[in-house]
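Let's go through a structure together, in questions and answers. Have the sequence and the coordinates open as you read.

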Amino acid sequence: MAFVKYALPVVAAAQAALAASCGSSGSTITITSQSDLDSYATCPTIKGDVEISDHASGDLTLSGVYSITGALSCTDGSNITSLSSSSLSSIGEAFKLDGLTTLTTLSFTNLTSVGSISWTALPELQALDFTKGVSQAGSVEITNTGLTSLDGISLTTVGAFDITENTNLKTVNVNELTNATGLINFAGNLDSLEIILPNLGTGTNMTIRNVSGVSLPSLETLSGQLGFWGNTFNNFSAPNLTSTADLVFDDNTKLANISMPVLKTVNGGFQIARNDKLKSIDFPDLKEVTGAIDFSGDFDSVSLSALTEVKGGFNMQSTGNFSCNAFKTLRENNVIRGTYTCKASTTDPTTSDGSSGTTTSTTSSGTSSATSSDSASVMNVANLPALGLAAIIGAVFAL
């Protein structure tokens, strides 16, 4: 009994010391070397944040730890060449790496869940070794890395998905992704990048710039904008999309066909401009546009046969010899409620803000135009809904 009397406090003290060595909620463990990491090998769970010092160097391996309740981060660790763990399965908060300019290996073969991913300035990192694949993340931001693909990012849902300035990125194929609650943004990556999101059904905002292909076969609804600027794909198809907010196709130099056969509603502005290969525009099921319609370019035909309401203005200008008759009738029947301009076979088509509607100067013979007497300035923002956020963002990136 005496032994038990003295042994129990010793065991309790040992357990307390062990708990303390595995961190605590709200605290930060700083790692400066591999020996620091080795000291946590007996901790199945590290509580709090793990911060790798910018003084750390070489190949770093975290063994024995299955979860980190806080963040795992490293900033300006320019001498770290490898970061790995075969045991770690979850990071409760951010997985943040910034400025690891010599990092060539990122290997987390058991990792499936993170609070968020934020990787910036990892120019030597070309591939991920994430065997199981990260299926849960609140948001993903990957900027200025050497990655050629995002294999290992296997999300089913995500908040923001922001992929920018990865100039070696060839493909993004996230097969399992079905929903995004934040902005999906691609910009400044390799010009030949192809984006494949085969099961994405719903989302909020999506902006795509400088890519050669986009596949969204399952997309049905977006509560925010859908915008395409400066891309090089020939065709775009969204066969199941029924509604979106602002919809923009701007300066896509090779775009020859847009197919959205069941699109019914644009809850915002709808702009098509400076897509010089696009000769025919047809949205057979489009009924309502709550903002303005602003189409300009080199197209020869336009069909909006189901249109019943345009709450904003209407600007339709092209070098091509399309007919304005159907749109004039819509204007007369008050389907188009804002200012109205329709010009065919014009040598200088412009957008609603007066900027050029084509990427090259084109001269056409003959004229066929219909401009309402109340539209000296097209789609005056002072008296009707503006095109919306997507057009504004597109204009900013075009500068």
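What follows is a short exchange on disulfides, a sheet and a few loop residues.

Tutor: This is a predicted model, where local features need pLDDT of at least 70, side-chain atom pairs count only at pLDDT 80 or more, and totals for chains, interfaces and linings use all residues. Residues are numbered from 1 along each chain as its sequence is written, and side-chain values use heavy atoms, with hydrogens and water left out.

Student: Which handedness does the disulfide of Cys22 and Cys43 have?

Tutor: A disulfide here is a pair of cysteine sulfur atoms within 2.5 Å, and Cys22 and Cys43 are joined with S to S at 2.0 Å. Both cysteines are buried, where buried means under 20% relative accessible area, exposed over 50% and partly exposed in between (1.4 Å probe, protein chains only). The torsion about their S-S bond is about -85°, so the disulfide is left-handed.

Student: How many residues apart are Cys324 and Cys342?

Tutor: A disulfide joins these two, with S to S at 2.2 Å. Helices (H or I, at least four residues) and strands (E, at least two) are DSSP runs, numbered from the N terminus. Cys324 sits in the loop between strand S34 and helix H3, and Cys342 in strand S35, so the pair links distant parts of the chain, 18 residues apart.

Student: What is the bridge partner of Ser82 in S8?

Tutor: Strand S6 covers residues 80–85, and four bridges join S6 to S8. In S8, the partner of Ser82 is Thr105.

Student: Is Ser345 buried or exposed?

Tutor: Ser345 lies in the loop between strand S35 and strand S36. Its phi is positive, about 50°, although Ser345 is not a glycine. With a relative accessible area of 5%, Ser345 is buried.

Student: Which residues does Ser149 touch, not counting those up to four places away in sequence?

Tutor: Ser149 is in the loop between strands S11 and S12, and its relative accessible area is 15%, so Ser149 is buried. Taking contact as heavy atoms within 4.5 Å, Ser149 touches Leu169 and Thr171.

Notes:
Two strands pair if DSSP finds at least two bridges between them.
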